[in-house]
Amino acid sequence: MALTIADIQAPIAAEMNRFEQTFKDLMKSDVMLLDQITSYIVRRKGKQLRPMFVFLTAGVCGTINDSTYRGAALIELLHTASLVHDDVVDDSNYRRGFFSINALWKNKIAVLVGDYLLARGLSLSLDNGDFDLLGIGNRAVRDLSEGELLQLEKARRLDINEDIYYEIIRQKTASLIAACCAMGARSVNASADMIETARLFGEKVGIAFQIKDDLFDYGTAEVGKPLGIDIKEKKMTLPLIYALNNAGRSDKRRVINIIKNHSDEPRQVNDVISFVKSSGGIEYATGAMQSYVQQAKELLYKLPASTYRNSLEGLIQYTIERSK
């Protein structure tokens, strides 16, 4: 029977409840419009997987303390800011099935709200002298930005190979989960070796998480994004890269032409999806995802055994078995 979020959260249930209130308080503002928007964000929060990674890793490596709460809040503020900005960049009107901030309050306000959340995270760390935690968060934000720009650059030429693909998802997705785990370990004063093991563990989980997300583009389940959206946005994901690398010259030319010039036509997008499926792209990407899961588990087993570690292992499985 698959683990639920409640099962995984069990060792940190009290901490997550306290964190939820702490985060709400951090989001409050004296500016009425800003307070209205941040309240909207808090009410529509997701599963809070990233704070869970912070608390569980801290529990594995030491004793959860006030620094851990601040680290989890910093990560959540940075992550939320990146989502608000991403929706502006992608001109997206929805986030997790609800209207995005830019859809309700327009781009200018959304950008400023994202900036406010970034600044709130910075001030939280600076006010408490959490310079090591801030350094970890800063590295993640830098990687996120570089990953987005690298993907945009490559989307213009559609010349992404597997090495570039992995670098993009390492920066765009895995860097934040790696930061969660490093921050959790650092917040309890773990050794440098333990912090690096935790960081690498998070990175491997993050890569597996993103490959799973890429596979949703070829499925039929309702996962919060339309089928084929990555193709429409000219994003070269692992199933597609594999299929193109193993295609004949004419098929490769035909598919690339569709992505470049006809990605807004549903029939043509469905043609690309069928091409990827028949070329073994889904099986190849699934195998790659499982390989990163195994690497993550090997790193996890280097950390002390505990209920926290058991939950982290459950969280790995959740990320690849999730339906959205």
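How many residues apart in helix H8 do glutamate 167 and arginine 170 lie? They are three residues apart, about one turn of the helix. The views below are of a predicted model, in which local features need pLDDT of at least 70, side-chain atom pairs count only at pLDDT 80 or more, and totals for chains, interfaces and linings use all residues. Residues are numbered from 1 along each chain as its sequence is written, and side-chain values use heavy atoms, with hydrogens and water left out.

View 1. Glutamate 167 pairs with arginine 170 in a salt bridge, with 2.9 Å between the closest N and O atoms. A salt bridge here is a side-chain nitrogen of Lys or Arg within 4 Å of a carboxyl oxygen of Asp or Glu. Helices are DSSP runs (H or I, at least four residues), as strands are (E, at least two), numbered from the N terminus. Glutamate 167 is partly exposed, at 31% relative accessible area, whereas arginine 170 is buried, at 19%. Buried means under 20% relative accessible area, exposed over 50%, and partly exposed in between (1.4 Å probe, protein chains only).

**View 2. The salt bridge between arginine 186 and aspartate 132.** The closest N and O atoms of this pair are 2.5 Å apart. Side chains of opposite charge can pair when their charged atoms come close. In the whole structure, a search finds eleven salt bridges.

**View 3. Arginine 254 and aspartate 251 in helix H12.** Here the closest N and O atoms of the salt bridge are 3.6 Å apart. The two residues are separated by about one helical turn, because they stand three residues apart in helix H12 (residues 249-261). Arginine 254 is partly exposed, with a relative accessible area of 32%, and aspartate 251 is partly exposed with 32%. Elsewhere, salt bridges that share partners join Asp143, Glu167 and Arg170 into one network.

**View 4. The largest nonpolar core.** This core has 101 residues, and those with the most contacts inside it are Phe53, Tyr166, Phe201, Ile211 and Leu240. Helix H8 gives the most to the core, with 14 residues. A nonpolar core is a set of buried Ala, Val, Leu, Ile, Met, Phe, Trp, Tyr and Cys residues joined through side-chain atoms within 4.5 Å. Leaving out residues up to four places away in sequence, leucine 240 touches Tyr218, Lys235, Val255, Ile259, Val272 and Val276. Contact means heavy atoms within 4.5 Å.

**View 5. Threonine 173 and glutamine 210.** Threonine 173 belongs to helix H8 and is buried, with a relative accessible area of 11%. Its side chain makes a polar contact of 2.6 Å with the side chain of glutamine 210. A polar contact is a pair of N or O atoms within 3.5 Å; within protein, one must be able to donate a hydrogen and the other to accept it, and residues adjacent in sequence count only if both atoms are side-chain atoms. Apart from neighbours within four places in sequence, threonine 173 is in contact with Gly206, Phe209 and Gln210.

**View 6. Surroundings of histidine 85.** Histidine 85 is part of helix H5 (residues 66-89). Not counting residues up to four places away in sequence, histidine 85 touches Ala110, Val111, Gly114, Asp115 and Leu118. The C-alpha atoms of histidine 85 and aspartate 115 are 8.6 Å apart in space, and the two residues are 30 apart in sequence.

View 7. Most residues other than glycine have a negative phi. Lysine 106, in helix H6 (residues 101-127), has a positive phi near 75°. Lysine 106 is exposed, with a relative accessible area of 58%. Asparagine 189 has a positive phi near 60° and sits in the loop between H8 and helix H9 (192-216). At 61% relative accessibility, asparagine 189 counts as exposed.
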